[in-house]
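I opened this model to look up its aromatic pairs, its sheet and a few helix positions. My entries follow in the order in which I made them.

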Amino acid sequence: MTFNCSLWQDNSMSVKRFAFARFSEVTEQCFLLFTLILLMFLASLAGNALIATAIWTNPVLHTPMYFFLANLSLLEIGYTCSVIPKMLQSLVSEARGISREGCATQMFFFTLFAISECCLLAAMAFDRYMAICSPLHYATRMSRGVCVHLAMVSWGVGCMVGLGQTNYIFSLDFCGPCEIDHFFCDLPPILALACGDTSHNEAAVFAVAILCISSPFLLIIASYGRILAAVLSMPSPEGRQKALSTCSSHLLVVTLFYGSGSVTYLRPKASHSPGIDKLLALFYTVVTSMLNPIIYSLWNKEVKVALRRTLDKKKVLTHR
């Protein structure tokens, strides 16, 4: 189905509504994709909600590491909810349109949660560095107040970047075409629809990607470099194994999130392909959000125990 943009333009000839491109013209393929994504979305919501609930309701997990993990779970819930529901609707119905204001709102929240997660992952790496490399000062340097401030800074940076980028992009004119070759209002595909020269906007998006993706990633690399040096100097094999086990789940989450995000936003414009971009976006919006609770619960005994207690409490309340 081809959308007539003239129906969605005002007297200034600026597009007021967009439409998401179809994944496939084959109905069976769309339904299969809808089913798979819906299952992953529900698994992501349930897993992240369970982890956040388990941490908030179990005093033994009221430590900096789990405080950040609870925030990460909340970010993942917001991250997927900002994108997936509209995508699911577009897969099984012809209602693939979205208003300019709705598109801007989706872009803002997606950017907010994505950038906040970049910063929060760096804060989590710094927490592990302090715990392993400076254990005697850990309680004072990673106090409750410090952790709250680090989380607030992460959310605040995401909010500022989201507002700035969204306002900068939607100050442009869109005079057609109106079909977004993607399944949500991401920055590059929206810029591709703008009229006139968008080189300054593209440079701004790239600069923000460098600053907000690469800078936290370099902090993570530096933290784990120091952690590795400290672990290798430990005389006890048990101590080394324990230290590495507390970092392994975080490292895997960082690899999944930053790997897909970097390939999407930091590679040259000429190498972008709509098909590959969609697959990468599916990975970092759906798959990683679903895998994170599994990674943390499988590799962390305390989280597994807390999850069992939380589920047991829910069973008791259900049977009353």
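**Aromatic rings**

I searched the whole structure and found 15 aromatic pairs. I took rings of Phe, Tyr and Trp (its six-membered ring) as paired if their centres lie within 6.5 Å, with planes under 30 degrees apart counted as stacked, over 60 as edge-to-face and the rest as tilted.

I noted that the pair of Phe108 and Phe109 is edge-to-face, at 4.9 Å centre to centre and 65° between the planes. Phe108 is buried at 15% relative accessible area, whereas Phe109 is partly exposed at 36%. For these words I used under 20% relative accessible area for buried, over 50% for exposed and in between for partly exposed (1.4 Å probe, protein chains only).

I then looked up Phe170 and Phe174, a tilted pair with 5.8 Å centre to centre and 45° between the planes. Phe170 is buried at 12%, and Phe174 is buried at 0%.

I also recorded one aromatic cluster, formed by Tyr79, Phe110, Phe183, Phe184, Phe217, Phe257, Tyr258 and Tyr284.

**Basis of the entries**

The model is predicted, so I kept in mind that local features need pLDDT of at least 70 and side-chain atom pairs pLDDT 80 or more, while totals for chains, interfaces and linings use all residues. Residues are numbered from 1 along each chain as its sequence is written, and side-chain values use heavy atoms, leaving out hydrogens and water.

**Sheet**

I found an open sheet of three strands in the order β2-β1-β3, with mixed pairing. β2 (97–99) and β3 (179–180) are at the edges with a single partner strand each, so one side of each has no neighbour in the sheet. Helices (H or I, at least four residues) and strands (E, at least two) are DSSP runs numbered from the N terminus, and two strands pair if DSSP finds at least two bridges between them.

β1 (residues 17–20) pairs with β3 in the parallel sense over two bridges. Phe20 stands opposite Ile180 in β3. Helix α4 packs on the sheet and touches β1, β2 and β3 (contact: heavy atoms within 4.5 Å).

**Helix positions**

I looked up Ala123, which lies in helix α4 (residues 100–133). Ala123 is buried at 8% and touches Phe68 and Leu150, residues up to four places away in sequence not being counted. Its C-alpha atom is 8.3 Å from that of Ser154, 31 residues apart along the chain.

Finally, I noted that α2 is mostly covered, with 15 of its 18 residues buried.

Methods
Axes are lines fitted to C-alpha atoms, for helices over the stretch in contact, and angles run from 0 to 180 degrees between N-to-C directions.
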